[in-house]
Amino acid sequence: MEKAVKKSTIWIVGDSTISPFQDAYYYPRYGWGTKLGEYFDSEHFEIENLALSGRSSLSFLKERHYQVLLEGMKAGDFLFIGFGHNDEKMEEARFTSPVGDEKTEGSFAFSLFQNYVVPTQKKGCQAILCTPIVRRPIDGEWKREHLHRTVTNGAFAGGDYSEVIRKMGERLGIPVVDMTALTKELYDRMGAEQTLYLHAWNSSKSASVDNTHTNEWGAFYNAWLVARAVRDLQIKGLSEYVLAAKILQEPSKELLHSNPSYQEVVFSADLKQSTLWKDFGCLKGTVFGSIGEEGVLQKGNFVLEPMENGRLHMAVSGDKGKIAATEDGIAFYYTKIPADASFCLSARAEIQRIEENDQVSFGLMARDDVYIDRWMADILGDYVAAGPLKLTQRGGGTAWNNFARKSGVLMQGGVLKGDYQNKDIVEIEIRGTQDGYSCRFGEEEQISGGFDFPLTGVDPEHVYVGLFVARNCDIIFSNVKLIVNGEVKMDSAVGGWGLPCFF
């Protein structure tokens with residue numbers, strides 16, 4: 001009787017570019033860790049992909065997955081370490097500095113070495129460092145952010161995260177799979193028109209492409225690149241088990257499959273009354289879009305609460321919702337007005353809590369579509385927003401003062417000069433005419449340039465205007481005033497809600 005081969009484990013830790021997902025996308029997200037096992041001899045290895053979306057080498061330490069790794073590794077195992085995308089995020093919970101080596105506390109190198117390499121070596125395992133995959137440039141023109149090169153922003157030092165990994169590998173004799181270089185070479189060879197099909201799409205429209213996360217074909221491609229690099233690195237006990245026949249042929253586009261359960265969003269202007277939120281005057285409450293997962297609305301992460309004296313409390317917590325290029329998840333108090341109407345919506349916002357996160361925002365919005373208390377991953381309609389964005393960059397003078405989205409492209413209005421903190425009070429205004437929109441946030445510059453497009457791509461008859469919050473912030477709105485075609489429809493400052501706003 002043939003003796004069974006004792007299997008070693010290939011462990012994988014990292015972020016969303018490596019992790020598994022459960023998506024409702026048209027082309028769902030797949031990280032390369034989900035396909036790595038396709039290129040190694042399964043008789044000798046089992047794969048444990050512990051990578052988690054949104055984590056950095058620092059924030060991953062708080063997850064149960066980290067304990068599973070420490071408790072599960074045994075002599076003869078291998079660990080692929082793939083962080084970087086989120087270590088560069090200028091947020092206290094995730095940021096590690098690209099300045100310094102493995103002896104410099106607080107640095108990216110220190111985090112990788114102390115928290116991953118050292119425990120791996122103590123267990124008698126082999127660590128393999130992986131630089132992060134590139135972000136896809138939509139026009140093929142490379143910018144620093146595509147290659148994980150950052151600039152200093154206040155207390156957050158800038159640098160080259162991929163280079164940190166390369167140099168640490170050289171210093172310490174740790175194998176490095178340079179996925180930044182390998183994916184850049186691949187994208188240059190394929191061109192932007194083809195790399196579009198390596199990435200996840202929220203909807204069946206190519207404009208919904210997610211330029212950070214890969215789809216199934218992209219995951220196969222990146223796993224193939226990793227496996228070929230491992231073969232060439234000649235890592236004892238691992239490289240000889242790369243499946244030679246599998247890596248001879250590049251992954252075919254036949255591996256790209258759309259989600260058979262995907263359902264195209266069908267919009268109806270006949271919006272039903274929410275069963276969750278009370279009306280605020282003539283404004284209706286709803287939460288919709290990429291808000292976390294189905295069923296999240298009953299878990300207490302959203303507050304939409306009319307208060308006395310004409311005030312409105314809106315809050316989002318627990319990393320739910322977002323403002324992003326191809327998707328948004330927001331809490332929204334809205335009304336619909338005729339698409340050809342002129343209007344002015346203004347409000348006062350008192351900041352109760354706000355986190356530094358590039359997907360956090362609040363303010364006033366005019367948009368092309370609204371859905372009632374619905375979780376959905378599809379790309380949604382165009383909008384213009386009077387509010388801040390990219391708040392992690394406010395210390396460096398590159399945070400956004402007002403923004404918009406047009407055809408799946410997020411547009412910056414101006415540069416945010418103020419450093420807004422808890423308990424600050426901000427006056428906000430958005431105006432709309434047939435010529436376009438203008439936005440004002442606090443004492444910042446009023447922005448209208450670039451906001452001259454119609455919001456009629458989804459609903460040609462109406463524009464939806466109101467107050468919004470996204471991601472981790474807590475806001476009390478007051479002095480909410482809406483004027484449509486010169487007529488006051490709502491004014492919470494004087495206790496009068498005006499006439500019904502539905503036309």
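Visitor: Why is strand β22 called largely enclosed by the rest of the structure?

Guide: Buried means under 20% relative accessible area, exposed over 50%, and partly exposed in between, with a 1.4 Å probe and protein chains only. Nine of the 12 residues of β22 (residues 473–484) are buried, so the strand is largely enclosed. The model is predicted: local features need pLDDT of at least 70, side-chain atom pairs count only at pLDDT 80 or more, and totals for chains, interfaces and linings use all residues. Residues are numbered from 1 along each chain as its sequence is written, and side-chain values use heavy atoms, leaving out hydrogens and water.

Visitor: What makes β13 and β22 a pair?

Guide: Strands are DSSP runs of E, at least two residues long, numbered from the N terminus. Two of them pair if DSSP finds at least two bridges between them. Strand β13 (residues 343–354) has 10 bridges to β22, running antiparallel, so by that definition they pair. Ile 354 stands opposite Cys 473.

Visitor: How do you know that β22 and β23 pair?

Guide: Four antiparallel bridges join β22 to β23 (residues 487–491). Leu 482 faces Met 490 there, and the hairpin has two residues between the strands, with Asn 485 in the turn at a positive phi of about 50 degrees.

Visitor: What is called a nonpolar core?

Guide: The term covers a set of buried Ala, Val, Leu, Ile, Met, Phe, Trp, Tyr and Cys residues joined through side-chain atoms within 4.5 Å. The largest has 55 residues, of which Phe 302, Phe 362 and Phe 477 touch the most other members. Apart from it lies another core of 41 residues, including Ile 10 and Phe 45.
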